[in-house]
Amino acid sequence: PLRSAARIAAIGVSEILDIGARAAAMRKDGHHVIVLAAGEPDFDTPDTVKEAAWKAMQRGETKYTALDGSPAMKEAIREKFRRDNGLDFAGSEISVASGAKQVIYNAFMATLDPGDEVIVPTPYWTSYADIIRIAGGVPVLVACDATNGFRLTAQQLHQAITPATRWLMLNSPSNPTGATYSEADYRPLLDVLLKHPHVWLLADDIYEHIVYDDFRFVTPAALEPALRDRILTVNGVSKAYAMTGWRIGYGAGPMALIKAMAVVQSQSTSNPSSVSQAAAIEALTGPQDYLAERRDSFRIRRDLVVDGLNAIDGIDCSRPEGAFYTFASCAGILGRMTPQGRKIETDRDFCAYLLEETKVAVVPGSAFGASPFFRISYATTQDELREAMARIAAACDALV
Ligand code: PLP
């Protein structure tokens with residue numbers, strides 16, 4: 001039998017993948033399953049981006065590139081940071097990897113020793129905690145309240161910091177809640193960090209371009225120049241440009257960190273795909289007008305889902321200002337009985353009921369460290385969303 005390494009043994013397979021597998025099995029049995037669990041846009045990669053990849057292949061750009069990104073890729077990222085964030089980075093302060101996930105993995109592998117702590121506000125993208133554990137660190141989970149928009153407060157941050165803290169992890173807009181940090185939300189947290197020079201900040205900005213209403217996206221490195229030398233700003237093309245399969249993410253921060261991250265990458269994957277880099281250059285420097293169109297489309301769908309959920313007795317959903325997720329409370333549902341005579345005691349029970357009885361797949365909040373909630377990804381067609389809302393409403397009506 002396989003004797004797996006201790007660093008892996010504690011890490012379970014993602015609950016989201018598990019739900020996806022169950023939904024796929026139901027589909028195979030002929031059911032019309034609506035899966036609202038995916039973390040990717042339903043749009044296609046823009047044609048101009050695909051063409052750039054094809055042209056790169058024709059030019060013979062099919063070989064190894066520089067380890068952590070080609071010079072042209074880094075130049076495109078520099079342009080992006082100047083244009084969108086007013087930040088000026090040198091090429092040596094930029095690292096390109098196979099997805100934002102790998103950037104985060106490289107950063108924690110490069111900096112965490114056994115026992116080092118990373119503060120992770122919850123609800124959270126669970127990969128953060130698992131990557132920290134694989135790297136030997138200790139995730140310090142801090143529960144953020146729904147009444148504060150699922151945001152970390154300065155007092156919570158202050159209390160969580162110990163001599164062993166190495167990083168604070170922030171993600172705005174957030175997966176799974178869609179919560180955002182404005183300049184005013186960031187300011188008190190940055191003030192706490194200014195007082196604790198041993199704590200670095202990893203800002204995961206992957207949902208930067210998916211924001212709504214009057215929300216103005218900001219990134220911490222642009223807000224506080226005094227923290228520039230201990231912030232890693234992480235971003236990528238997966239969500240904004242519908243390029244999840246191309247696997248390009250990037251980070252920008254102090255040169256010493258970027259160099260250490262390159263060491264990790266040099267002994268794992270080496271350079272990210274040369275063809276994908278060419279595509280990402282086009283995504284970052286080509287026309288950006290479709291971002292606004294896609295944002296509008298996501299906003300309409302957000303409102304459809306939020307309004308649909310709030311019309312259901314027992315469900316309470318705030319209107320997130322970013323990403324393509326809603327994170328609704330199902331506290332009012334708990335304690336009710338299904339027509340089959342089973343009691344719904346947890347958000348996991350509720351999500352299992354929705355999947356079994358209505359063939360709608362959503363993810364329980366417990367998968368993101370917060371109960372009783374459930375996450376809906378609304379990156380699917382309006383017709384599917386309308387049908388899903390009707391099915392969820394009927395299923396909740398059937399409870400006694
Ligand atoms: N960060 C967050 C919060 C995410 O939700 C995801 C993807 O689900 C990522 C990072 C990883 O994105 P990438 O495809 O660039 O690895």
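Helices are taken here as DSSP runs of H or I of at least four residues, numbered from the N terminus. By this criterion, Ala 110 of the predicted model lies in helix α5.

The protein contains 14 helices and 12 strands. Its radius of gyration is 21 Å, close to the 21 Å that the globule rule gives for 400 residues, and the protein is therefore as compact as a globular protein of that length. Along the principal axes, the C-alpha atoms occupy a box of roughly 60 × 55 × 55 Å. Of the 400 residues, 48% count as buried. Among contacts between residues at least 6 apart in sequence, 73% link residues that are at least 24 apart.

Strands of a sheet pair through backbone hydrogen bonds, either parallel or antiparallel. An open sheet of 7 strands is arranged in the order β2-β8-β7-β6-β5-β3-β4, and its pairing is mixed. The edges are formed by β2 (94-97) and β4 (138-143), each of which pairs on one side only. From one strand to the next, the twist averages 20°. Strands β3 and β4 run parallel and are joined by 6 bridges; within this pair, Thr 122 stands opposite Ala 143 of β4. Helix α10 packs on the sheet, where it touches β2 and β7, and the direction of α10 makes about 25° with that of β2.

A further open sheet has 3 strands in the order β9-β12-β11, with antiparallel pairing. Strands β9 (325-329) and β11 (363-364) stand at its edges with a single partner strand each, so one side of each lacks a neighbour in the sheet. Strand β9 is connected to β12 (residues 373-377) by 5 bridges, and the two strands run antiparallel. Phe 327 has Arg 375 in β12 as its bridge partner.

The axes of α5 (residues 100-111) and α10 (residues 255-266) lie 8 Å apart and meet at an angle of about 100°. Because angles of 65 to 115 degrees count as roughly perpendicular, the two helices are roughly perpendicular to each other. On the α5 side the contact is made by Asn 106, Ala 107, Met 109, Ala 110 and Thr 111, and on the α10 side by Leu 257, Ala 260, Met 261, Val 263, Val 264 and Gln 265. The residues of this contact comprise 8 nonpolar and 3 polar, with no charged residue.

Leaving aside residues up to four places away in sequence, Ala 110 touches Leu 257, Ala 260, Met 261, Val 263 and Val 264. The C-alpha atoms of Ala 110 and Gln 265 are 9.6 Å apart in space, although the two residues are separated by 155 residues in sequence. Ala 110 has 19 C-beta neighbours inside 10 Å and therefore counts as partly exposed, since 20 or more would be required for a buried residue.

Pro 372 is located in the loop between β11 and β12, two strands of the antiparallel sheet.

Positive phi values occur in residues other than glycine, including Arg 247 and Ala 323. For Arg 247, phi is about 60°; this residue is found in the loop between β7 (231-236) and β8 (249-252). Arg 247 counts as buried because 20 C-beta neighbours lie inside 10 Å. For Ala 323, phi is near 60°, and the residue is placed in the loop between α12 (289-310) and β9. With 30 C-beta neighbours inside 10 Å, Ala 323 likewise counts as buried.

Note on methods
Residues are numbered from 1 along each chain as its sequence is written. This is a predicted model: local features need pLDDT of at least 70, side-chain atom pairs count only at pLDDT 80 or more; totals for chains, interfaces and linings use all residues. Axes are lines fitted to C-alpha atoms, for helices over the stretch in contact, and angles run from 0 to 180 degrees between N-to-C directions. Angles under 35 degrees count as roughly parallel, over 145 as roughly antiparallel, 65 to 115 as roughly perpendicular and the rest as oblique. Two residues are in contact if their C-beta atoms, placed from the backbone, lie within 7 Å. Ala, Val, Leu, Ile, Met, Phe, Trp, Tyr, Cys and Pro count as nonpolar, Asp, Glu, Lys and Arg as charged, and the others, Gly among them, as polar. Two strands pair if DSSP finds at least two bridges between them. The radius of gyration is taken over C-alpha atoms; the globule rule is 2.2 Å times the number of residues to the power 0.38. A residue is buried if 20 or more other C-beta atoms lie within 10 Å of its own, exposed if 12 or fewer, and partly exposed in between; C-beta atoms are placed from the backbone.
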